[in-house]
Amino acid sequence: MGKNRTIHWCLVCNLLITSKKCPICRNEASRLDLEPSGHLVPLSQNMIIPIRASIDATYGEGCGEVLLPDNCVAFLDRSKKRSDIIVNGGKIGSIADGKTNLDLSGMDAVSDKLTKNVVKCDHDSSFFIKKGHGLMVTGVKEVSPGLKKGDRVCILNDRGRAIAVATMKMSSEEILESDRGVAASIVKGGHARTCCNVPHHNWVKTLELNQPTISSAAGMAIGSIKELASSYSNNIVVDLSKDIRSEASLLLTIDAGFIPKVLVHDRDEFLDYLIERYVLTVVDSVPDKCLLIADSYEGQSPDVVYHSPTSEWEPSMVWMYIMMKAVPFHPSHSKNL
């Protein structure tokens with residue numbers, strides 16, 4: 001069964017939620033579909049600071065703090081190619097090869113603070129740009145100095161609002177010296193909805209407001225583990241993969257009243273913390289007869305009962321359950337942004 005790669009966010013209350021309706025206003029939540037493969041990681045304050053600095057360096061002083069204010073609820077959705085930055089109900093940008101690029105939604109939220117990597121167009125050009133046409137040299141009113149061909153920039157209209165993300169086809173100097181040609185080509189993509197200027201909830205409040213839904217889901221998962229574990233109380237194994245779901249499954253198994261053995265593929269600080277806290281026994285293979293709590297199982301033994309208690313959970317619910325039960329963030333996740 002495939003893992004759910006969707007999160008829900010109420011854009012009215014600026015609240016990450018674990019159900020389809022907001023617990024505050026009862027409105028339907030906005031659905032954000034994530035990349036098919038990825039790993040959702042909450043942003044701690046220590047992780048936010050360098051991302052802010054990177055945004056400021058690329059787009060102008062103060063942009064990072066507007067997009068990632070203190071104590072905001074934000075994530076990195078990590079994949080092999082890049083890490084998408086998710087905050088206030090939408091993707092505002094991404095990090096790849098050590099560089100932070102904003103999407104149109106992020107640029108729009110900081111339009112009045114953009115001082116770098118900006119091209120301002122005239123009124124007539126903005127109409128065509130919104131339709132996806134390139135910006136011609138004759139339509140350029142202002143351009144940031146030092147831009148090179150291939151740079152990613154924000155196109156501002158004559159009123160100073162962000163209307164497109166573009167790739168430079170000429171350098172700043174070439175634009176100033178030319179009277180014809182395409183100055184920048186528009187990067188295709190919709191304008192994602194966000195609520196960057198709406199007061200946000202911090203993690204403590206977010207966990208509090210989602211607690212009933214999380215507790216209900218956890219209760220059902222714990223019940224399923226208890227039902228299956230009746231014949232395997234002394235031989236339960238949790239397969240701790242790189243996916244955060246496996247760590248949630250470990251905590252659910254412990255909440256069900258069992259101290260399982262653990263099969264660990266890659267140890268990190270958080271797994272060491274759990275193993276030490278609960279005095280867990282580490283095994284190097286799946287026993288011939290056991291209840292295996294895992295994301296997946298490709299073995300053939302008829303005496304191994306496989307169960308994945310979080311297979312239907314949204315990624316945000318998995319993280320919020322762990323944050324309620326253990327420590328807020330993996331210490332190791334602050335490395336290698």
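A residue counts as buried when its relative accessible area is under 20%. By this criterion N117, at 15% relative accessibility, is buried in the predicted model. N117 lies in the loop between α3 (104–109) and β9, and its phi is near 55°, a positive value in a residue other than glycine. A second residue with a positive phi is N71, for which the angle is near 65°. N71 belongs to the loop between α2 (63–67) and β5 (74–78). Its relative accessibility is 49%, and N71 therefore counts as partly exposed, since that class covers the range between 20% and 50%. Most residues other than glycine have a negative phi.

At the level of the whole protein chain, the secondary structure comprises nine helices and 19 strands. The C-alpha trace spans about 80 × 40 × 30 Å along its principal axes. Of the 337 residues, 53% count as buried. Among contacts between residues at least 6 apart in sequence, 63% join residues at least 24 apart.

Strand β6 (residues 83–87) contains D84. With a relative accessibility of 4%, D84 counts as buried, because this value falls under the 20% limit. The side chain of D84 makes a polar contact with the side chain of R82 at 2.7 Å. Beyond its neighbours within four places in sequence, D84 is in contact with E35, F75, L76, D77, K91, G93 and S94.

A further open sheet consists of six strands in the order β10-β14-β13-β12-β9-β11, and its pairing is mixed. Strands β10 (135–136) and β11 (140–143) stand at the edges; each has a single partner strand, so one side of each is left without a neighbour in the sheet. Strands of a sheet pair through backbone hydrogen bonds, either parallel or antiparallel. The parallel sense is found between β9 (residues 118–121) and β12 (residues 152–156), which pair over three bridges. The bridge partner of K120 in β12 is L156.

On the α6 side, the contact involves W203, T206, L207, N210, Q211, T213, I214, A217 and A218. These residues meet M317, M320, Y321, M323 and M324 in α9. By residue class, the contact of α6 with α9 divides into ten nonpolar, four polar and no charged residues.

Definitions and conventions: Residues numbered from 1 in each chain as written. Predicted model: local features only at pLDDT ≥ 70, side-chain atom pairs only at ≥ 80, totals over all residues. Heavy atoms only, no water. Helix = DSSP H or I, 4+ residues; strand = E, 2+ residues; numbered from the N terminus. Buried < 20%, exposed > 50% of the residue type's maximum accessible area, 1.4 Å probe, protein only. Polar contact = N/O pair within 3.5 Å; in protein donor to acceptor, adjacent residues only side chain to side chain. Contact = heavy atoms within 4.5 Å. Pairing = 2+ DSSP bridges. Nonpolar A, V, L, I, M, F, W, Y, C, P; charged D, E, K, R; others polar.
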